[in-house]
Amino acid sequence: MTAKYRFTTLGCKVNQYESQVIREVLEEAGLRPAAHDEPAAWTIINTCAVTGEAVRKSRQAIRRAGRGGQSRVVVVGCGASDAPHGLAGIPGVAAVLGHDRDVCSEIRKLVSGNHSAGVGTSEVNTAAAILRPVSPTDSQCLNEGSIRPVLPSEPGTVAAVRHPSNVRSSIGLPLTIVKRADVEAARIHRFDGHQRAFLKVQDGCDAFCTYCTIPRLRPRLASKPVAAAVSEARALVAAGHREIILTGIFLGAYGWPTAIRRRHAQLQRAAESGSEGVRVTDGVVNSSPDDRSPGRDRSNRTSENQANAATHGIAGDRTSSLVELVDAIAQIEGLERLRLSSLEPGDVDEALLRVLARNPNCVPHLHLPLQSGSEAILRRMNRQYTVAAFLDMIARVRSALDRPAISTDIIVGFPGETEADFERTLAVARESELLKIHAFPFSPREGTAAARWQRSFVPPAVIRERMQRLAALEGELSLAFRRRFVGRVERVIVEPNKGSGARPGSDGSANVLHGRCDRYFEIHFEPGRGDGMSASPDRTRSAAADLLDAPGPAAPPAPGDLVHVRIDRVTPTRTHGTLVRAGAAGIALPVLAGRYERTWA
């Protein structure tokens, strides 16, 4: 009888991607997914540790999976690195595998029986401790009044950035290592349960925002080479995915060994001059500690590095590796939409905007985390931008792209946040004309600087009230943005209706379809309409709408299909449309019209 497995994934897009990697490993080993009512021999819980609520939900999922002892539970993800011993003690857990282990290899051993951990026991993945005495300077870097980026290197040493022995936490906590080889080798061929596929191209962060525990769990940066990412993206398109979302722990650091931007210029200069320990490989800036070994012959290192840097676009006015990656993937035949996950002001430069504008399959939507609209709070958070830089980025994006949709993240109730600070956040959000705000109440994470600032904690009742005000503003901004597109035709990738998600249509039918458009908001439409119904006389019709008004297909579109939907009306909670043609090919659609003047596909 074929063994079955079950998966529970919590957290970010990177976790979703890594779950698919493990899923394919299990199926290569002969296992099959268990149906909802079937028992599973193995249950994989991919955990999240970014907030206290995520940790609580992760532990709850592990306990639920281990009840009855019928399934052997394997715990992976950031939670496994954050608290391996605590999770290993939960009944039913067979193994806890954090980021410092070759998770796929360990899981192969487990399911094949070639592993020392048996049912009911735990092979605890103890985080690799990389500790170094904390200097007074380091301590000062993380006090409330003077927040500065903390680098995983000796002062003034460029080559130290990459070496594991130099990666450390300034607050004296153990760190786990993310192997670069794991990022390069990880590959998926499909993205089960999703119409839009996530593609992880970067891992790790060393920026040490004062509220974030991730640099402690994924401290070493790694990037997937462009050729490998393109090959993987082609496989996903061949599997039927019309949209790919590039993702990473810190996507803007793609191609760099550090997420701290003030180090980038230093590394670039070192690569150009051939400084010891700095090389460029596959378009990625690397620093090698081996070149610092006593007695090593460095006589040819300068010319070698200069040639290597020039070959990979590092010399002179360097083209960002992220730009090269986006441009390369956008050329894949059959890829209808390419979307980027989270970026910051320092990541959105003119070169990236040019690439987004000239490739019609690059969607006019960017996720640009704000976190706070208060300069004082941004400094306390140790963010690498100012409010002015954020607003300048928004202005440049609007100038380059056609009515872009902007989504963002905001933390409410960060230690020391005053009413005036929060009002500034509301003002910046309003000025940015956001489509979507992902709001999070501040969650103190053990081991972070902000968790120690208890005297500055905002009362829970105040946080709840501010969350409500922010939610009200989000609803107002979202409605205003979506109203701009009434009467226009948008491309939509159809998503499956799941249970209660299927809502009655205007005629009482329960088969209303839905999916996300290029600008990320969801549109609901009835599959049988497609009747060329004209927009109301008071609405401005686009040329594309005139071209696309035609009877719809005889059969309703299936999940994963790309269809064209005219937006008829919007409400605070929904966008309603009419199917005008499914899978229309070769029809001109307005795309990315801005400073770079591309108005038709």
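What percentage of the 601 residues of the protein chain count as buried? Of these 601 residues, 55% count as buried, a class defined by a relative accessible area under 20%, with exposed meaning over 50% and partly exposed in between (1.4 Å probe, protein chains only).

The structure is a predicted model, in which local features need pLDDT of at least 70 and side-chain atom pairs count only at pLDDT 80 or more, while totals for chains, interfaces and linings use all residues. Residues are numbered from 1 along each chain as its sequence is written, and side-chain values use heavy atoms, with hydrogens and water left out.

**Overall composition**

The protein chain contains 18 helices and 22 strands; helices (H or I, at least four residues) and strands (E, at least two) are DSSP runs numbered from the N terminus. Among contacts between residues at least 6 apart in sequence, 74% join residues at least 24 apart, where contact means heavy atoms within 4.5 Å.

**Two helix pairs**

Helix 13 (residues 350-358) and helix 15 (residues 387-400) pack with their axes 10 Å apart, at an angle of about 30°. Axes here are lines fitted to C-alpha atoms, for helices over the stretch in contact, and angles run from 0 to 180 degrees between N-to-C directions. Helix 13 is therefore roughly parallel to helix 15, given that angles under 35 degrees count as roughly parallel, over 145 as roughly antiparallel, 65 to 115 as roughly perpendicular and the rest as oblique. The crossing of helix 13 past helix 15 is right-handed, meaning that the near helix is turned clockwise from the far one by less than a right angle. E350, L353 and A357 of helix 13 make the contact with R396, V397 and A400 of helix 15. This contact of helix 13 with helix 15 comprises 4 nonpolar, no polar and 2 charged residues. In this classification Ala, Val, Leu, Ile, Met, Phe, Trp, Tyr, Cys and Pro are nonpolar, Asp, Glu, Lys and Arg are charged, and the others, Gly among them, are polar.

Helix 9 (residues 226-238) and helix 12 (residues 321-330) have axes that come within 10 Å and cross at roughly 30°. These two helices, helix 9 and helix 12, are therefore roughly parallel to each other. Helix 9 also passes helix 12 in a right-handed crossing. On helix 9, V226, A229, V230 and A233 meet L325, A328 and I329 of helix 12. The contact of helix 9 with helix 12 has 7 nonpolar, no polar and no charged residues.

**Helix 5 and its end**

In helix 5 (residues 103-112), the buried residues are V103, C104, E106, I107 and L110. They lie on the same side of helix 5, because they cover an arc of only 160° around the axis; the arc is that of the directions from the helix axis to the C-beta atoms. Just after helix 5, G113 adopts a positive phi of about 85°.

Most residues other than glycine have a negative phi.

**R64**

R64 lies in helix 2 (residues 52-66) and counts as partly exposed, at 47% relative accessibility. Its C-alpha atom is separated by 9.5 Å from that of G92, 28 residues apart along the chain.
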